[in-house]
Protein chains: 2
Amino acid sequence: MAKYITDTKDVFFNLFEYLKIHENVEDLGEDDLKEVIREFDKFVENEIYPARIPGDLEGVKIEDKQVKVTQSYHKALKAYYENGWFALAMEEDIGGMPAPMSIYFLINSLGTGANTAFMMYPGLSKAALNLLLAKGSQQQKEAITGPMMEGRWGGTMCLTEPEAGSDVGNCKTMARPLDNGKYNINGVKIFISGGDNDLYENIIHLVLARTPGAPEGVKGLSLFLVSKYKINEDGALGEINDVICTKIEEKMGIHGSATCELSFGENNNCEGTLVGEEFEGIQNMFLMMNEARLICGIQGESQANLAYELTKQYAEERSQFGKNLLEHPDTKRMLLKMRSMSRAMRALSLYTGDLFDKAQKDPKVEEEIALLTPVCKAYCSDRGFEVSVDAVQVHGGYGYCTEYGIEQFVRDSKIATIYEGTNGIQAIDFVMRKILKDNGESMKNLMAKITKTLSSPSAGNWSNQVGQIGKVLQNGQGILDKFGKSAQNKDFDNILLHSTDFLRFCGNVICAWLLLDQAIEAESKVGNASEEDKEYYQSKIDDFITFCRHYLVENDGLATLILDESSQELGMKI
Amino acid sequence: MAKYITDTKDVFFNLFEYLKIHENVEDLGEDDLKEVIREFDKFVENEIYPARIPGDLEGVKIEDKQVKVTQSYHKALKAYYENGWFALAMEEDIGGMPAPMSIYFLINSLGTGANTAFMMYPGLSKAALNLLLAKGSQQQKEAITGPMMEGRWGGTMCLTEPEAGSDVGNCKTMARPLDNGKYNINGVKIFISGGDNDLYENIIHLVLARTPGAPEGVKGLSLFLVSKYKINEDGALGEINDVICTKIEEKMGIHGSATCELSFGENNNCEGTLVGEEFEGIQNMFLMMNEARLICGIQGESQANLAYELTKQYAEERSQFGKNLLEHPDTKRMLLKMRSMSRAMRALSLYTGDLFDKAQKDPKVEEEIALLTPVCKAYCSDRGFEVSVDAVQVHGGYGYCTEYGIEQFVRDSKIATIYEGTNGIQAIDFVMRKILKDNGESMKNLMAKITKTLSSPSAGNWSNQVGQIGKVLQNGQGILDKFGKSAQNKDFDNILLHSTDFLRFCGNVICAWLLLDQAIEAESKVGNASEEDKEYYQSKIDDFITFCRHYLVENDGLATLILDESSQELGMKI
């Protein structure tokens, strides 16, 4: 197994030189925050990364109706909670250690890159806890907060059903009110990550279900807390609830993550409690869903970054035709592309994480987060997968063999393009809801930010690339105008046909912009830097140029495609 | 498991309406050839396809130093030989059944799409036999032809060594002459497909090795026949040879194919015989290598075609949001793209197969085959992988689960981009050897063919697309001029930096051309066709338009990238 490596220079550059997150933190200084990151990085290297390949090889199994997770995860998860990593960026009054969201994004990224399947357990538990802290009743919060913070209990989100995949509103699971104020839950959910496992003593399922007489579609859905073991009044575990794992899926990857089919109420004895108001299930679930979508983006970003580091390590050690792989132009091209894309995604992910911190002072920032969430989710998961594929390619035959852990990136990263709403759904959300529904306001604001960077004097160093981005923005405006007209004519199919391509178009330009902004910062420092830092700053400039040449250039074709008035596919027959 | 489906209409259109292969066959008419294809297709459905998922799940194992292959393959392989499929397109005097090469390409494609790992055993055996028939001594041919034709003996190609992957010339395996005219073989080969297995009684390894005092590099390599069991004078199996399988690789996919590390001569008792002349090993091996490269292309093409058919089947049966998946524009877009790309690759592959038949009358055609071989290999394996990824995406969560057999396409198809020379190596071969080395003659001839089609009156129906291809050809000429200049200045790194992108550029335009040529044929028939045929002919026109809109359009960006004079990556540091 190759040595775990983090590009700490680039991490610190993003957080402290570019975003300057420490300027908005009161209790912790730059050095403290760096120390936290270094400490977590060591933890990842020593505890989380070593469980990556074992988790892939051992997978999960059902024994005596109980799902068993690889032992390597048990040890790592225990240490994860004990060392306080779960508590990071949680409120102090529940035992958390407050930290900027960008730090949480980063911590999650380091862990996820090193072991995606493992990090899903605490990641989803945290998202479930956050939802309950925001929307749960006092009683619910009192019951679950302590045990979930301590890592005794985990959490899941239960949306998908056999006939209701993307189409969540088609949910058939029923919740019938009982006399005691609770609900009797009945239905089958599939593809539930961590749906059953032996890592936690109890599991808090957040379940979408329909109350009797509820309206059809998503408007009739309510959210329920259903625990694996019932919870007594005093908070102790009661009898087992009527939730049975009826199947675990064998999958392409994330073998260490238990993907369960859960049957609620097979014996008519499944009890749940309402979370928030009746019929507000989908809005409430979206609190968790949006977090999960951002984590999908991080899955792509983080695996790409680690895959790049391991590939670089391999290339440095391997020679062919009497030359190191790095000296072969075709291999060098692949590695430079991998680096620029991986770092671009890191920039996007941390920029978005930082928006959460900014949103506390300026609620308008929420709209930018909403706009960027589907981009983070879809663009980073698609691109993360592509970088993983490149990692296999540079490794050649060794990349295809399991023992080196490289092809695992391909298998583990693919799922992020599918779950929490397929990338096709993300593109529809992006165009229809995040752009057209608010008349393109948030999009205009983002484009104004980009234009401002382009016209800054320091951008003049890269006039070709700045011109390229400017042309892309013009095309982008043309596409928005076209979409606006189609929407006015209620010709929505024409928009939907191109939404995936437009999301990629936007992802390319947003990433190019962030890399330009970072190149400007790097350029301002390269002159007075130490030799080592000089090399790093130069690499940031190189990333920007490489990205424009190899990725942003795709936007030429994408614009031609989307602006072509024909949209002939709509009239074609399959 | 989804039902196996072949797009027989498109297969027949390619062979009999477009290529008109029956016009050059003496003994068999169009109906006879169609009957052969239908019969083989049934065989694939009943024998080869059912072994696909079992082979993936069971893989291969070593027991008592013997590699054991899944039982499902044993049954299918026996039937494959017994039914005469191995003998197809082989010479009559050795018990073959002569047929056009395009028919062999097709047969191989149907089997490979349905079960790639399985088809590698007879595929490589056939390639080894063909090499020996062309270059072996009379004695060698007499010894191996019968048993290999009957399927009692199989064959392998042994090139790769731990330090010599792409860099074959770095081969360390030694062949020292013995007194009896044979050679003592000593060395380790890795990644040998079918290197050991229990499907065959004996295995004929074709091994590159170096004789004492041989020149360095590929020029010093000679080719040897090394059999698993020594062969007695009377042709019977003798004692076991000193070839040991020391490891089987666990891989991302093609689990049913045994990928072996072979140790030759650990006990100094490994005997081999020279094939062809000393120092002509690499040229001779290339006879087999070129066949294997074309099969890599077929692996991409064929898996894409079957993945498309299964995905279409799934989409037809699945509804979301009250509408069939086919009616959702984003899903429809994916399926139309998959179809146009899969069929484009089929057109390319069968066109190339047909060139082999044409080459018998016109040796100049050999050059076109040489030019297209790296395109078939790299373009079809890359694109086949991409279509497989799309198949998973349309299937959503189900696509990611093993039991449906869809993610297996992704895992099984990826290897074709790596083995038999990585796609990076193909691109270098394409640009440096196949284009620059003959001053672009074959490329010019191919471009003339394309131009001729563009200027045919029937192409006028698609003036936009014809204009698009014309512009692409201009850009292509510009790139060739740039490469020519770089070559004159011995600035080869500048060419090598862009060879992969240029191969993709050319693959796009060659496929667009073939689809246009086929659309012209379809357009001429759609008016007088039956309803069912009309729908098919219209789909060929739709494929062409879809391909231009979604794939050929990439060439805008690719041309910008390659024609950009900066090539700044060469000066960057990783």
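The domain assignment divides chain A into domain 1 (8-135), domain 2 (153-281) and domain 3 (438-574). The model is predicted. The points below are grouped by topic.

**Domains of chain A**
- Taken over C-alpha atoms, the centres of domain 1 of chain A and domain 3 of chain A are 31 Å apart.

**Helix α17 of chain B**
- Helix α17 of chain B covers residues 499-526 and has 28 residues.
- From its first C-alpha to its last, α17 of chain B reaches 40 Å, close to the 40 Å expected at 1.5 Å a residue.
- Because 23 of the 28 residues of α17(B) are buried, this helix is largely enclosed by the rest of the structure.

**Residues with positive phi**
- Most residues other than glycine have a negative phi.
- A:Phe279, a residue other than glycine, has a positive phi near 70°.
- A:Phe279 lies in the loop between β12 (271-275) and α8 (281-317) of chain A.
- B:Ile254 is not a glycine either, yet its phi is positive, at about 35°.
- The loop between β10 (243-248) and β11 (259-264) of chain B holds B:Ile254.
- With 27 other C-beta atoms within 10 Å, B:Ile254 is buried.

Terms used: Residues numbered from 1 in each chain as written. Chains lettered and ligands numbered in written order. Predicted model: local features only at pLDDT ≥ 70, side-chain atom pairs only at ≥ 80, totals over all residues. Helix = DSSP H or I, 4+ residues; strand = E, 2+ residues; numbered from the N terminus. Expected span 1.5 Å × (residues − 1). Buried ≥ 20, exposed ≤ 12 C-beta atoms within 10 Å, placed from the backbone. Domains from an automatic or database assignment.
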